[in-house]
Amino acid sequence: MMSEQSPTKKSEINWNLIAKLLVIGLILIFFIQLKNMPETTWSFLIFEFTWPTWLVLLVTFLLGAFFGRDVWVWIVSKFRKPSA
């Protein structure tokens, strides 16, 4: 059976898309401003390396975006009650 949801109208504003574009725009502005910062020495566990601040933050952001949702879904699925 088909659900009885009304089809999306062409004139409706897609707020989800607008929010995503706004976040991407703000992130781009943030990273453009960080390009002028000097390189910083970073320490991670036993490693020490010198990278530009914007590059470390970009890598951190991408890893968080890539793994964040999947890890959260996995955690939630472990505590979800099985449906009967």
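How far apart are the end C-alpha atoms of α2, and what should its 27 residues span? Keep that for the second stop.

**Before you start.** This is a predicted model, where local features need pLDDT of at least 70, side-chain atom pairs count only at pLDDT 80 or more, and totals for chains, interfaces and linings use all residues. Numbering starts from 1 along each chain as its sequence is written, and side-chain values use heavy atoms, without hydrogens and water.

**Whole chain.** Colour by secondary structure. The chain has 2 helices and 2 strands, in the order α-β-β-α from the N terminus. Helices (H or I, at least four residues) and strands (E, at least two) are DSSP runs.

**Helix α2.** Select residues 53-79. At 1.5 Å a residue, α2 should span 39 Å, and its end C-alpha atoms are 38 Å apart, which agrees. The expected span is 1.5 Å times one less than the number of residues. Now centre on phenylalanine 67, where α2 bends by about 35°. That bend is the angle between axes fitted to the seven residues ending there and the seven starting there.

Show side chains for the contact (heavy atoms within 4.5 Å). From α1 come Ile27, Phe30, Phe31 and Leu34; from α2, Trp54, Leu57, Leu58 and Phe61.

**Leucine 55.** Select leucine 55 in helix α2. Leucine 34 lies 21 residues away in sequence and 9.0 Å away in space, C-alpha to C-alpha.

Technical notes: Axes fitted to C-alpha atoms, helices over the stretch in contact; angles between N-to-C directions.
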